[in-house]
Amino acid sequence: MNKSTSWKWAVPAGILMSGMIFAGCAGNAQNDRGAAAQQGSTAESTQTGNTGSTDTTGSTGATDNTGTTDNTNGSEQATDNSQTPGSQSDSSASSSESSGQTSTGNNDSTSSESANTDSSDTTNTSATSGDASSLLQIREKSSLQSTISEKGGKMVVNDPESITVIVNKKRSLPDGYIPPDLVVPNVAFSYSGVLEKSHMRKEAAAALEQLFAASKKDGLDLRAVSGYRSYKRQVAIYKNNVATKGQEYTDRVSARPGTSEHQTGLAIDVSGPGIGYGLEQSFGATKEGKWLKEHAPEYGFVIRYTENGESSTGYTWEPWHIRYIGKALAEDVTSKGMTLEQYFDEKNIKS
């Protein structure tokens with residue numbers, strides 16, 4: 001397994017990474033089983049059906065068709081393959097990323113080591129035993145009411161690097177926020193090469209490796225579709241959709257820049273062969289989707305946008321979108337049947 005290294009140390013400050021993108025998108029990597037992913041399948045553009053979309057109230061599921069860029073509806077699954085983390089380019093360069101290509105454990109030097117999390121957020125990882133008192137302390141410290149302040153006319157989270165940070169339509173990240181420890185998890189992807197969306201924060205990436213290893217052991221074929229997305233990438237997606245589809249429609253289906261959970265580096269969309277590695281609500285009925293729902297908490301992840309949680313999260317059901325918060329918290333949230341908004345709301349914490 002490749003040694004984990006933060007991308008920001010791997011790339012001199014201020015140097016654009018566009019070359020990395022085109023190099024990463026050009027290959028025809030084989031998957032770990034030697035089979036190509038199904039055509040017309042992966043992530044994040046061209047919407048089909050009424051199947052839900054990350055951070056997109058009432059939106060439809062999105063699929064990433066070969067060679068498309070961010071010119072669909074601006075949903076959280078819109079193609080984000082034109083930048084690497086920290087890139088300052090807003091261009092939507094077309095990608096040769098094929099839906100029939102996969103990447104299995106990248107050779108990129110930023111690959112994560114599953115055994116080493118090295119998280120600086122000791123507050124949120126201290127409740128490893130899941131004891132009630134520790135969980136209560138974390139929930140109180142991470143409550144929605146105590147972790148946000150008004151800045152520049154909007155509500156901004158105080159600690160964007162917290163493992164328990166909650167970002168949604170009403171809670172923004174600081175402008176231009178970039179996670180400090182982005183790495184590439186050593187897992188199978190639904191596309192070839194290393195893109196911006198291949199990254200996650202180090203602790204989350206290590207946990208994802210363990211989750212994927214467990215799913216593979218159970219004979220499943222999960223693929224990572226879309227992880228980190230930069231503020232600038234979301235700006236490009238959002239602006240394009242306002243220009244092509246209008247403000248009102250865009251605000252119904254697309255996260256405004258700074259309010260996308262993907263920007264935290266703690267969330268990732270995953271899929272399986274049952275739906276051609278796409279992002280659709282029907283994923284929840286596949287064997288990979290069912291396995292993910294049952295086992296994700298064991299590795300620190302929750303299904304972020306639950307089937308009946310739209311009234312609190314603001315977004316429709318997304319069985320493919322998982323969010324890392326640590327094992328003890330994930331298991332507790334899931335056992336209580338709550339969304340993260342409900343779990344960290346002060347009115348529910350002591351109930």
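This report describes a predicted model of one protein chain, from its overall make-up to a few selected parts.

**Overall make-up**

The protein chain holds 12 helices and 10 strands. Of its 351 residues, 58% count as buried. Among contacts between residues at least 6 apart in sequence, 72% join residues at least 24 apart.

I268 counts as buried because its relative accessibility is 0%, and the cut-off for buried is under 20%. Leaving aside neighbours within four places in sequence, I268 is in contact with M200, L208, A224, S226, G227, H262, W320, H321 and I322. I268 and A204 are 64 residues apart in sequence, and their C-alpha atoms are 9.4 Å apart in space.

**Helix α6**

How far apart should the ends of α6 be? The helix has 15 residues, 231-245, and at 1.5 Å a residue they should span 21 Å. The buried residues of α6 are R233, Q234, V235, A236, I237, Y238 and N241. In general, an α-helix has 3.6 residues a turn, so residues three or four places apart point the same way. Just after α6 comes G246, which takes a positive phi of about 90°.

**The β2-β3 hairpin**

Strands β2 and β3 run antiparallel and are joined by 4 bridges. In one of the pairings, S149 has V156 in β3 as its bridge partner. The two strands form a hairpin with 2 residues between them. In the turn, G152 has a positive phi of about 60°.

The elements with stated residue ranges discussed so far are listed here.

| Element | Residues |
|---|---|
| strand β2 | 148-151 |
| strand β3 | 154-157 |

**The largest pocket**

Rolling a probe the size of a water molecule over the atoms shows where empty space is left. In this model, the largest pocket contains about 410 Å³ of space. Its lining is made by 21 residues, and K293, I303, T306, E307 and T334 lie nearest the centre. Two or more lining residues come from each of α8 (287-295), β9 (301-305), α10 (327-336) and α11 (340-343). Which element gives the largest share of the lining? That element is β9, with 4 residues. Sorted by class, the lining has 9 nonpolar, 9 polar and 3 charged residues.

Notes: Residues numbered from 1 in each chain as written. Predicted model: local features only at pLDDT ≥ 70, side-chain atom pairs only at ≥ 80, totals over all residues. Heavy atoms only, no water. Expected span 1.5 Å × (residues − 1). Buried < 20%, exposed > 50% of the residue type's maximum accessible area, 1.4 Å probe, protein only. 1 Å grid on protein atoms, 1.4 Å probe; cavity = no way out; pocket = protein on both sides within 12 Å on 5 of 7 lines; lining within 4 Å. Points joined across faces, edges and corners; volume = space filled by probe spheres on them. Nonpolar A, V, L, I, M, F, W, Y, C, P; charged D, E, K, R; others polar. Pairing = 2+ DSSP bridges. Contact = heavy atoms within 4.5 Å.
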